[in-house]
Amino acid sequence: SFVISFVFLSMNREPDGHPRPIESKPDGFWKKSQHILKNNRNFVAFLATRSLSQFAAVAFSFYIIYIVWTFDVSETVAGLMTGVFMMSSIVAGLVMGRLADRWSPRVVMIIGALAASLSAILALVAPSANWFYASFILSSMAIVAIWTIPIPLTVQFGTEEERPYYIGLSSTFTAPAALLAPIIGGWLADTVSFQATFTISIICGLLMAAMLAFVVKDPPREPVS
């Protein structure tokens, strides 16, 4: 399927553009990056929400382990729940991507952040394994909002010439949180409880939603020719 996708990718045609002059001595990456971080407060707030998003999703990796240990479900049920997660991820990608185009990626990220918190809340209070079907569906929405939806929003913060800097900064500043979140989540689950890990997701999901709603602003969209 991955190889076949390149066939459709090759069928895309970009609109004709005008050649842009290239500076003889362009600024170094770090010099330009420091300028962006110093002057674009909105983008810095966006980077903070992306780091929070990694902790908002930390509970998802432990759902299956928690279900097996707590409710003693069979391998068949665990596999079925994983299948529900995979199918709902596909649907969420299609629906939420469309909504991001119609509304804005930021609004859809808010929905995903709230879905992450609600998913962990259901996992925290679930009296039976059946509740986790809803948790998996909500977590699939959150994953799309955390990893897919930010991509088009990232490139809207700067000009076309600045986009490589914004993409690079977004990936670089998200990486530490992406590495640390599962380690911290696993440590909490092992030394404290799974509920502690779920609580981290709840808090960080709500913080992420609040920052996106009240701190981060939609960057201007370039008109499509």
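## Helix 7

Helix 7 (residues 132-148) has 17 residues, which at 1.5 Å a residue should span 24 Å; its end C-alpha atoms are 23 Å apart, so the two values agree. The expected span is 1.5 Å times one less than the number of residues. Helices (H or I, at least four residues) and strands (E, at least two) are DSSP runs, numbered from the N terminus.

The buried residues of helix 7 are Phe 132, Ser 135, Phe 136, Leu 138, Ser 139, Ser 140, Ala 142, Val 144, Ala 145 and Ile 146. Buried means under 20% relative accessible area, exposed over 50%, and partly exposed in between (1.4 Å probe, protein chains only). Their cover includes helix 3 (41-56), helix 4 (63-71), helix 5 (75-102), helix 6 (105-125), helix 8 (150-154) and helix 10.

## Model and overall fold

This is a predicted model, in which local features need pLDDT of at least 70 and side-chain atom pairs count only at pLDDT 80 or more, while totals for chains, interfaces and linings use all residues. Residues are numbered from 1 along each chain as its sequence is written, and side-chain values use heavy atoms, with hydrogens and water left out.

The protein has 10 helices and zero strands. Its C-alpha atoms fill a box of roughly 65 × 40 × 30 Å along the principal axes. Of its 225 residues, 40% count as buried. Among contacts (heavy atoms within 4.5 Å) with a separation of 6 or more, 84% join residues 24 or more positions apart.

## Nonpolar core

The largest nonpolar core has 53 residues, of which Phe 43, Tyr 63, Phe 132 and Phe 198 touch the most other members. At least two residues of this core come from each of helix 3, helix 4, helix 5, helix 6, helix 7, helix 9 and helix 10. Such a core is a set of buried Ala, Val, Leu, Ile, Met, Phe, Trp, Tyr and Cys residues joined through side-chain atoms within 4.5 Å.

Not counting residues up to four places away in sequence, Phe 132 touches Tyr 63, Tyr 66, Ile 67, Phe 71, Met 81, Ala 123 and Ala 126.

## Helices 9 and 10

The axes of helix 9 (residues 163-191) and helix 10 come within 6 Å and cross at roughly 145°. Helix 9 contributes Gly 185, Leu 188 and Ala 189 to the contact, and helix 10 contributes Phe 194, Ala 196, Thr 197 and Ile 200. These residues divide into five nonpolar, two polar and no charged. Axes are lines fitted to C-alpha atoms, for helices over the stretch in contact, and angles run from 0 to 180 degrees between N-to-C directions. Ala, Val, Leu, Ile, Met, Phe, Trp, Tyr, Cys and Pro count as nonpolar, Asp, Glu, Lys and Arg as charged, and the others, Gly among them, as polar.

Thr 174 is in helix 9 and counts as buried because its relative accessibility is 4%. Leaving aside neighbours within four places in sequence, Thr 174 is in contact with Arg 50 and Gln 54.

Ser 201 lies in helix 10 (residues 194-214) and, at 0% relative accessibility, counts as buried. A polar atom of its side chain lies 2.9 Å from the backbone nitrogen of Ala 59. Beyond neighbours within four places in sequence, Ser 201 is in contact with Phe 55, Ala 56, Ala 57, Val 58, Ala 59, Ser 117 and Ala 120.

Leu 114 lies in helix 6 and counts as partly exposed, at 43% relative accessibility. With neighbours within four places in sequence left aside, Leu 114 is in contact with Leu 206 and Ala 209.

Methods
A polar contact is a pair of N or O atoms within 3.5 Å; within protein, one must be able to donate a hydrogen and the other to accept it, and residues adjacent in sequence count only if both atoms are side-chain atoms.
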